[in-house]
Amino acid sequence: MRGRKQILIALVAALAVAGCTGTEGMAAPQDTARGMIGHLDYGDFGGGTEPQANYNPYLLATQLGATGYLFEKLVEYDHFSCTPKPWLAAAYSWTDPKTLVLRVRQGVKWTDGAPLTAKDVAYSYSLIKKHPAFDNEGVWRYLSSVEATDAATVTMRFKDAGASAFTLAVNVLIVPEHIWSKVPDPTTFVNADNPVGTGPFTVKAFNRQQLTIQRNPDYWQAGKIKVQEIRFHKADGGGPIDQLKMSRGEYDHNAMFIPDVDKAYVARDPKVNHYWYPPGGTISVYLNLTRKPFDDLAFRKALTGAFDHKQIIDKSQNGYVTQASQSGLIVPGHDKWLPPGLTGRGLIPYDPAKADAALTAAGYAKDADGTRLGKDGKPLTFTFKVPGEWTDWLAAGQIIVKNLKALGFGVDLETPDFPTYESDRAIGSYDALLGVHGGSCNMFRNFAEPLAGDQSAPIGKKAASNFVRWKDAETDRLLDDLRVATDEATQKKAVAGLATIMMERVPVIPLWYGAKWFQYQTDKAVGWPDAKNPYANPGDNLLIITNLKPA
């Protein structure tokens, strides 16, 4: 990370000496008379090192990044607050725990003029069933059938209670049956020749350096699309070059890591250059709950105040991230799911004196030399593992070990390569390490993956995702309640119960949230999501493009 920063600083300095200022003074022509933005420049469009035109929405590995602007889903999510937004489905309801009925939005047309119907939706789902490689969300693990019960109604039937799979089931891009049903082999179909979709843009031009998409004037909510063109640019120069281009104003929007973003980007034009890094998944301390003293609740609770979050955030994460809630939820976005009456959103402050006193009260006293002792009177020693290649986690691990040593523990930092770390974590061959969980809008999976009994395994066997080996009947009961709940009130009650277990039983200890990178400029377009108006997360492209307006 430090090397990348030095490269960027050197490049910026070289350009300054040469007097090269890139795009300064070269504002793109804007169609302000009609209240439109002429074009916006975005970052990379994907497709690998030798990109080819590919707009097959199911071939994720090689498709071009504009595909998500050409095709749409039944429901879009605001992934910050986890609010579902009816999209190609104007409405939906559960008739029973296994049956979801969706009303297809009327008046939507494919870009060749044909109307969208329920048959297109049913066909799209049958297509990914017929070709399992297309089922990128694994929805057919949960679905038993998807039928067009009339021209505007789709009925989804699930093998079991379907609420826990809802976010996956509605996350399939819909394609036109009248086009795709004539394709001999959809698995090799790159859809490069005038791809037909329902989205707000169509493809205008493509070469290996730039992909341009243009506004679809017949889009079903065309009045919300104020951008005539989006131009994506291949990032052939690698991270430092792309960071330099961003700092010079060559992108209206990008999503990348930038060392010292305030100095390298914002300071070059503070009125125009902005960033927002909302929280993603939770990075937590995982303790092997099959080993002493980690199986002791009082010990775990004492450690919740033992870690210096601010130092971890500032020194290992460039200050870009925020402290994580012990609730297991992503705050503030998931505030509506927090247990009623929970103070401070479950953010536990760093308090080493309190942690020290709590450990002593729990039976883990210090000797005259300040060494922390177990209940058997022997010094408490253990290892803490992080992948050696992950420099930010390594820096965080060093701070964590320092905090633990300050409490009298004998702790060694181990830095295996990632495959070894991953294997050790899965089979339970560790004392303590860092792990990631949650961060999605599927509340069931957010809690089930790290905590469900059926996701664990005996020590020596690979656990699916419950790597701490948490075993608790109340957790599994609440997860089962959440799995079958189709109404939000019941879901909230179950989630609040799970968050309370996180607070009171401490199966893992959350430290910080991973960052979602998002930089943007406001000289041409305003209305980007930010901390004051977090209506969407980075990556919620259709929500963002329907909110942008001319500056």
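## Close-up views of a predicted model

**View 1. Strands β4 and β5 in an open antiparallel sheet.** In strand β5, R103 is the bridge partner of A91, and this pair belongs to a predicted model. The strands β4 and β5 (residues 99-104) run antiparallel and are joined by 6 bridges. Both take part in an open sheet of 4 strands, whose order is β4-β5-β7-β6 and whose pairing is antiparallel. The edges of this sheet are formed by β4 (89-96) and β6 (143-150), and because each of them has a single partner strand, one side of each is left without a neighbour in the sheet. On average, and with direction ignored, neighbouring strands of the sheet are turned by 20° against each other. Strands of a sheet pair through backbone hydrogen bonds, in either a parallel or an antiparallel manner.

**View 2. Helix α3 lying across the sheet.** Helix α3, which spans residues 118-130, lies across the strands β5, β6 and β7 (153-158).

**View 3. The hairpin of strands β2 and β3.** Strand β2 (residues 75-78) pairs with strand β3 (residues 83-86) in the antiparallel sense, over 4 bridges. One of the residues involved is E76, which has K85 in β3 as its bridge partner. The two strands β2 and β3 form a hairpin with 4 residues between them, and C82, in the turn, has a positive phi of about 60°.

**View 4. Packing of helix α9 against helix α11.** Helix α9 (residues 309-316) packs with helix α11 (residues 391-406) at an angle of about 150°, and their axes are 9 Å apart. Because angles over 145 degrees count as roughly antiparallel, α9 is roughly antiparallel to α11. The crossing in which α9 passes α11 is right-handed. From α9 the contact draws on Q311, I312, K315 and S316, while α11 contributes D392, A395, A396, I399, I400 and K402. By residue type, the contact of α9 with α11 divides into 5 nonpolar, 2 polar and 3 charged residues.

**View 5. Buried residues of helix α9 and the residue that follows the helix.** Within α9, the residues H309, Q311, I312, I313 and S316 are buried. The elements that cover the buried residues of α9 include helix α11 and strand β17. After α9 comes N318, for which phi is positive and near 60°.

View 6. I509 has its place in strand β17, which comprises residues 509-515. The relative accessibility of I509 is 2%, and because buried means under 20%, I509 counts as buried. When residues up to four places away in sequence are not counted, I509 touches S284, V285, L287, R300, L303, T304, F307 and Q326.

**View 7. N446 in helix α13.** N446 is found in helix α13, which covers residues 443-451. At a relative accessibility of 7%, N446 counts as buried. Not counting residues up to four places away in sequence, the residues that N446 touches are H334, G438, G439 and S440.

Definitions and conventions:
Residues are numbered from 1 along each chain as its sequence is written. This is a predicted model: local features need pLDDT of at least 70, side-chain atom pairs count only at pLDDT 80 or more; totals for chains, interfaces and linings use all residues. Side-chain values use heavy atoms; hydrogens and water are left out. Buried means under 20% relative accessible area, exposed over 50%, partly exposed in between (1.4 Å probe, protein chains only). Contact means heavy atoms within 4.5 Å. Two strands pair if DSSP finds at least two bridges between them. Axes are lines fitted to C-alpha atoms, for helices over the stretch in contact, and angles run from 0 to 180 degrees between N-to-C directions. Angles under 35 degrees count as roughly parallel, over 145 as roughly antiparallel, 65 to 115 as roughly perpendicular and the rest as oblique. A crossing is left-handed if the near helix is turned anticlockwise from the far one by less than a right angle, and right-handed if clockwise. Ala, Val, Leu, Ile, Met, Phe, Trp, Tyr, Cys and Pro count as nonpolar, Asp, Glu, Lys and Arg as charged, and the others, Gly among them, as polar.
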